[in-house]
Amino acid sequence: MPFIPNRAAMDFDYAHLALMEEREEEEEVSSSRKAYRKQLAETMGLNRTRILAFTNKPPSSTSLHHQHQHQHEPPRRIPQRPERTLDAPGLVDDFYLNVLDWSSANVLAVALANSVCLWDASTGSVTTLVTYGEDQGPVTSLNWAHDGINLGVGLNNGQVHIWDCVTKTLLRTLQGFHHTRVGSLAWNTHILTTGGMDGRIFNNDVRFMSYPVSTYKGHTQEVCGLKWSASGQQLASGGNDRLVHIWDRSTSTQWLHRLRGHTSAVKALAWCPFQSDLLASGGGAEDRKIKFWNTRTGACLNSLDTASQVSSLLWSNNQRELLCSHGSQLTLWKYPSMVKMAELSGHTSRVLSMTQSPDGCTVVSAAGDENLCFWNVFGLPHTTAKKTVPKAAHEPFSHVARIR
């Protein structure tokens, strides 16, 4: 590789002198002239052997930045055991259900057989929202609206109920379109999306009192995972048919991408908070893999074998990290290197679901051992910006326009 000299570091006067000396080597030079040249060189500092000069490479600003970070950001301590454990008697040990969700108002909802219980993280109080009869239950899915007040409840008989959890009032009953259990729910402002064992997905506009406003058809078996992107423009659905679909709200009811690659049911879905077109998905017992997808192109970017059934995935809001529940443990991975950062053990049977606190720091997991485990996995609350807890609305869905 050729070297390019630094012209600013060259002495062209000395270079000319040296070259001229070479041309005069064969000529006879008087002793007085030699003495004069020697004295001139000493006076001007020209007793050198190099004509071209190179300056030292400046220090890398990137390396200095990393050194600064290394000195001031020690590795975060990740507790390997749960901070607390709550009993969850009656929790149904079914991989396909979604029976755990944490609201923006800091209230945890959990389905225990036919009942929905609410645990207020601010006070530690537990209340029972509703208990259904055997003809309706068990409860098969839960999902909070963004306001932290309204809760969607999917039931084994195909109905979906919407509850105001401040007044403990049943606001709406959606029925007549799913004829089997509703195992997955996902809110998108005033749209409540439902996924059933019949493989169908419905968008229900809560401003209307009647039937669904649109239907997504693509799965041939139970829809066990639903997640809207942060923008609300794309919906990811996972099914027992081993497929992941990406639906675009602004185009039509035809899927945008059909993502193949998993070899068993796909329940775990998580949109990346720092890259809007990145989706992580997790496969069931016969697959055991986490896959990363570019939802703009439909390309699979990476695949990782976890060696056990993947039930949930959660991204950190503060770091490039992904938490996975697989088998009876939780594993924290660094993205995109997928270096294992921590393994969290506390359950004695398979983990069924995970959900994240509104401050983004704490994760709660539910398992077949009928326990809820709380983990300080994503940092401490005092290092994270506190979210504002919304106040109760005076009437249901008062934050959106209503059509009566």
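I started with the largest pocket, which holds about 1,400 Å³ of space. A pocket here is an open set of points on a 1 Å grid over the protein atoms alone, with protein on both sides within 12 Å along at least five of seven lines. Its volume is the space filled by probe spheres set on the points, which are joined across faces, edges and corners.

The model is predicted: local features need pLDDT of at least 70, side-chain atom pairs count only at pLDDT 80 or more, and totals for chains, interfaces and linings use all residues. Residues are numbered from 1 along each chain as its sequence is written, and side-chain values use heavy atoms, with hydrogens and water left out.

I listed the pocket lining (residues with an atom within 4 Å of a point) and got 47 residues, with Asp101, Asn143, Lys227, Leu314 and Gln356 nearest the centre. Strands (DSSP E runs of at least two residues, numbered from the N terminus) that give two or more residues to this lining include S2 (100-102), S14 (223-228) and S26 (351-356).

Last, I checked Val153: leaving out residues up to four places away in sequence, its contacts include Val116, Tyr132, Trp163 and Leu185.

Notes:
On a 1 Å grid over the protein atoms alone, a cavity is a set of points where a 1.4 Å probe fits but cannot get out, and a pocket is an open set with protein on both sides within 12 Å along at least five of seven lines; lining residues have an atom within 4 Å of a point. Helices (H or I, at least four residues) and strands (E, at least two) are DSSP runs, numbered from the N terminus. Contact means heavy atoms within 4.5 Å.
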